[in-house]
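Subject: Structure handover

Hello,

Here is the structure I promised you. Please open it alongside this email, and read on for what turned up.

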Amino acid sequence: MAIYLARRLFQAVLILLGVSLVTFALLYLLPADPARQIAGRTASAAQVAGIRTQLGLDQPFFVQYARYLGNLVQGDLGRSYLQRSQVADLIWARLPASLLLMLAAILCELALGLTMGMLAAVRRGRASDHALMVTSFVTVSAPQFVVGLLLLYVFAVRLGWFPIGGYGTFSHLVLPALTLGILGAGWYARMMRSSMVDVLRQDYIRTARAKGLKRWTILARHALPNAILPVIAMIGIDIGLFMSGIVVVESVFGWPGIGQLAWQAIQRVDLPIIMGVTLVSAVAIVLGNLLADLVSPFVDPRIKLN
């Protein structure tokens, strides 16, 4: 286990280094000028050049990147160009809201997706199976901003059941979590159906039926623990989808998380914040995949970590 963890952590460092290099290169090649954004439209060319020199933006790419890595090793994510605050402080202040939204969204998609997948597998080939799979395809294909706006219009504007936006209570959490969860529910439903169908064909399931066990007892005790294994691995990968979708959802619902912070930084070309949020998202994805791998042997003892 120790050797496995050491190898995975070494791989994680290489992945994060690659992410930082690619992201830094893309931001370096942007046609937008952060110095002009900071100086304002009325600033002279000399003032813009002075700001660019002060921030080190006139240095070659590898000089800037090496300076960034040197600060990163010391735990310094840089300083926001426009907010004049440490990026680490800005992200840390908004991270709890994003983690809360992510946890609620995972619970939503698991509840919806696993239920749909199990029902479809049990009623395989029937009209309800086809209806559930069509529904899962629609939820996977639907853009998140469209789903979010539709839920806002129906449940917040027309029915008035939930607030239009904001943060602080359970009612504020429901719609954004459901928006994120609907997309993932479709993937989980299709995967769960496929896995459950394979499990229901196994000999031990037929043996359980021959013993006279009730249908839902067989599903809960014997079929579900084996069918859910692929889903566990998918949760770790799913964190990446959440980190990309959370930017849109938080902007639509006014949720004060790191997604909204990233969107504001993109609009203002605030490069340190964009880099910081990207690295934090990459760390979340790496840790999510590692956690999924570590949990898998507890679900299925046949899996060995090598």
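How many residues does helix α1 have, and how far does α1 reach from its first C-alpha to its last? Helix α1 covers residues 2-28, which makes 27 residues. Its reach is 39 Å, close to the 39 Å expected at 1.5 Å a residue. Please keep in mind that this is a predicted model.

**The chain as a whole**

The chain has 306 residues, and 42% of them count as buried. Its secondary structure comes to 13 helices and zero strands. Read from the N terminus, the order of elements is α-α-α-α-α-α-α-α-α-α-α-α-α. Along the principal axes, the C-alpha atoms fill a box of roughly 85 × 55 × 30 Å.

**Helix α1**

Which residues of α1 are buried? They are Y4, R8, A12, S20, T23, F24 and L27. An α-helix has 3.6 residues a turn, so residues three or four places apart point the same way. L21 also sits in helix α1. Is L21 buried or partly exposed? L21 counts as partly exposed because its relative accessibility is 35%, and buried means under 20%. Between L21 and G259 there are 238 residues in sequence. In space, the C-alpha atoms of L21 and G259 are 21 Å apart.

**The largest pocket**

How much space lies in the largest pocket? The volume is about 750 Å³. The pocket is lined by 28 residues, and L55, L57, R67, Y81 and P272 are the closest to its centre. Five helices each supply at least two residues of that lining: α1, α2 (34-39), α3 (45-55), α4 (61-73) and α13 (271-299).

**Cavities**

There are two cavities of 30 Å³ or more. Which residues line the second largest cavity? The lining is made of P163, I164, G165, G166, S171, H172, L175, P176 and F253. Helix α8 (residues 170-200) gives the largest share of this lining, with four residues.

Helix α8 also holds G184. G184 counts as buried because its relative accessibility is 5%, under the 20% limit. The C-alpha atoms of G184 and I235 are separated by 9.5 Å, and the two residues are 51 residues apart along the chain.

**Helix α5**

M116 is found in helix α5 (residues 87-122). Is M116 buried or exposed? M116 is buried, because its relative accessible area is 14% and the cut-off for buried is under 20%. M116 and V247 are 131 residues apart along the chain, and 27 Å separates their C-alpha atoms.

**A surface patch**

Finally, the surface. Which residues form the nonpolar patch there? The members are F145, V146, L149 and V248. Together they have about 330 Å² of accessible area. Helix α7 (residues 144-158) contributes the largest share of the patch, three residues. L149 is found in α7. L149 counts as partly exposed because its relative accessible area is 49%, and exposed means over 50%.

**To look at on screen**

Start with the largest pocket and the five residues closest to its centre, L55, L57, R67, Y81 and P272. Then turn to the patch of F145, V146, L149 and V248.

Best wishes

Methods
Residues are numbered from 1 along each chain as its sequence is written. This is a predicted model: local features need pLDDT of at least 70, side-chain atom pairs count only at pLDDT 80 or more; totals for chains, interfaces and linings use all residues. Side-chain values use heavy atoms; hydrogens and water are left out. The expected span of a helix is 1.5 Å times one less than its number of residues. Buried means under 20% relative accessible area, exposed over 50%, partly exposed in between (1.4 Å probe, protein chains only). Patches are made of residues with over 30% relative accessible area and no salt bridge: like charges are joined within 9 Å, nonpolar side chains (Val, Leu, Ile, Met, Phe, Trp, Tyr) within 5 Å. Accessible areas come from the Shrake-Rupley method with a 1.4 Å probe; for residues, only the protein chains shown count as cover. A salt bridge is a side-chain nitrogen of Lys or Arg within 4 Å of a carboxyl oxygen of Asp or Glu. On a 1 Å grid over the protein atoms alone, a cavity is a set of points where a 1.4 Å probe fits but cannot get out, and a pocket is an open set with protein on both sides within 12 Å along at least five of seven lines; lining residues have an atom within 4 Å of a point. Grid points are joined across faces, edges and corners, and a volume is the space filled by probe spheres set on the points.
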